[in-house]
Amino acid sequence: MKIIIALDSFKECLTSQEAGEAAARGIHKVFPSCEVVRFSIADGGEGMLDALISATGGKRLFLRAHNPMMEMHDTCYGISNDRQTAFIEMAAISGLPLVPKEKRNPMLTTSYGTGELICHALNLGCRNFIIGLGGSATNDAGLGMLQALGFRFLDETGANIIQAVAPDIPKRGMCGELLAKVASIDSSAAHPALKNAKFVAACDVKNPFTGPKGASFVFAPQKGADREMAAKLDANMKKLAGIISQSTGKDISNIPGSGAAGGMGGSLLAFLHADLKPGIQLLLDFFHFTEKIKGADLIITGEGKADRQTIMGKVPSGILQEAQKQQIPVILLAGKIEDKEMLEKAGFKEVLSINPTSVPQEKAMESAFAKTNIRRTVEEICRKMI
């Protein structure tokens, strides 16, 4: 018998690895000789870094870089054991939680720090990059990131915009308000290793670069913009999209995902030739999931809360889609379940809560209690298979 465990983290309770270990104990209690293939997995957001580091025997590297307000901040990224692949969560240095609520202003915030992490990894010899987009404080179209990598942004006179607007500031990052000043983009001084680097971005939104569903109108209000500011940012992005098209030959205005992370998805695609993939699909490809589940009798997946959003690109839906191609049944576990009928119609064989009826949420969130319940639930699943 072969059973696959591919559980997401149970947020604020168990990591993916901890949940998977508990499930494996439940399987082996009933089927001691069962082949269990376990994946530590995430959907591209929280937990992606840990999943990739675990899968590659890698480690975290700690450093200081510039946060969205161009203040030095402690941060980290992951690197594979062979030191060829870097795993970067942009939110770790360009994320919204790094900016106090009263200072949030996407006209002023920059993704410069994300570029510093990429540069650091390039200097170590990394040539493959997986970048998690999401949770950003920025609406700078990724120009701050490109600036840190050596790209220069020039105004209509041919002057370097940063030097022209902030000659007395030691270091300023490109930001939302400066997009309108860009007349041309000079990549001649870009980091030379970028020519041999390959980028894949975990991108779980399909928003385009500009327009009513673009980066500025949809996401800038979450980052401190009012409607007037969002409209100005969108106008700046539209102008910039034309400049990018002239510079690269790529029109990113309406490409799904180009609006991710305040437009960073578009710059990664246009200038660094990145592939934009849904986070769960990126990880499943990285783990060679399709190959490793061949011949499985069952797949157990799950997350902390399962509801209608589960089937909209989260870990369990990605697992289910791959399993259905090989007609492998999938059981979904969760601490809390809503929209159960919808989840069953999506194709899950069973949708099961790990918690006893009416257990208080505080108790359900206890790590040891959750592990016990996962193990117990999986034991019950296995006993039904005898």
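A: Happy to; we'll start with a sheet and then visit a few single residues. Keep in mind that this is a predicted model.

Q: Good to know. In what order do the six strands of the open sheet come?
A: The order is S3-S4-S5-S6-S9-S10, and the pairing in this open sheet is mixed.

Q: Which strands stand at the edges?
A: Those are S3 and strand S10, which covers 275–277. Each has a single partner strand, so one side of each has no neighbour in the sheet.

Q: And how much are neighbouring strands turned against each other?
A: On average by 25 degrees, with direction ignored.

Q: Let's zoom in on S3 and S4. In what sense do they pair, parallel or antiparallel?
A: Antiparallel, over eight bridges; S3 spans residues 59–66 and S4 spans residues 72–79. As an example of a bridge, Leu61 is partnered by Tyr77 in S4.

Q: What do S3 and S4 form, and how many residues lie between them?
A: They form a hairpin, with five residues between the two strands.

Q: Why point out a positive phi?
A: Because most residues other than glycine have a negative phi.

Q: Which strands does helix H4 lie across?
A: Helix H4, residues 112–124, lies across S3, S4, S5 (85–89), S6 and S9. Its direction is at about 130 degrees to S3.

Q: Is His288 buried or exposed?
A: His288 counts as exposed, because its relative accessibility is 52%.

Q: And where is Asp339?
A: Asp339 sits in the loop between strand S12 (330–337) and helix H13 (340–346). Asp339 is not a glycine, yet its phi is positive, at about 55 degrees. With a relative accessible area of 28%, Asp339 is partly exposed.

Q: New topic: serines. Where is Ser317?
A: Ser317 belongs to helix H12, residues 315–325.

Q: Buried or exposed, that Ser317?
A: Ser317 is buried, with 5% relative accessibility. Leaving out residues up to four places away in sequence, Ser317 touches Thr310, Ile311, Met312 and Phe348.

Q: What does the side chain of Ser317 reach?
A: It reaches the backbone oxygen of Lys314, at 2.9 Å.

Q: One more serine, then. Where is Ser353 found?
A: Ser353 is in strand S13, residues 350–353. Its relative accessibility is 34%, so Ser353 counts as partly exposed.

Q: Which residues is Ser353 in contact with?
A: Apart from neighbours within four places in sequence, the contacts of Ser353 are Ala334, Gly335, Ile337 and Thr377. There is also a polar atom of the Ser353 side chain that lies 3.2 Å from the backbone nitrogen of Asn355.

Q: And how are Ser353 and Gly132 separated?
A: Their C-alpha atoms are 30 Å apart, and the two residues are 221 residues apart along the chain.

Key. Residues numbered from 1 in each chain as written. Predicted model: local features only at pLDDT ≥ 70, side-chain atom pairs only at ≥ 80, totals over all residues. Heavy atoms only, no water. Pairing = 2+ DSSP bridges. Helix = DSSP H or I, 4+ residues; strand = E, 2+ residues; numbered from the N terminus. Axes fitted to C-alpha atoms, helices over the stretch in contact; angles between N-to-C directions. Contact = heavy atoms within 4.5 Å. Buried < 20%, exposed > 50% of the residue type's maximum accessible area, 1.4 Å probe, protein only. Polar contact = N/O pair within 3.5 Å; in protein donor to acceptor, adjacent residues only side chain to side chain.
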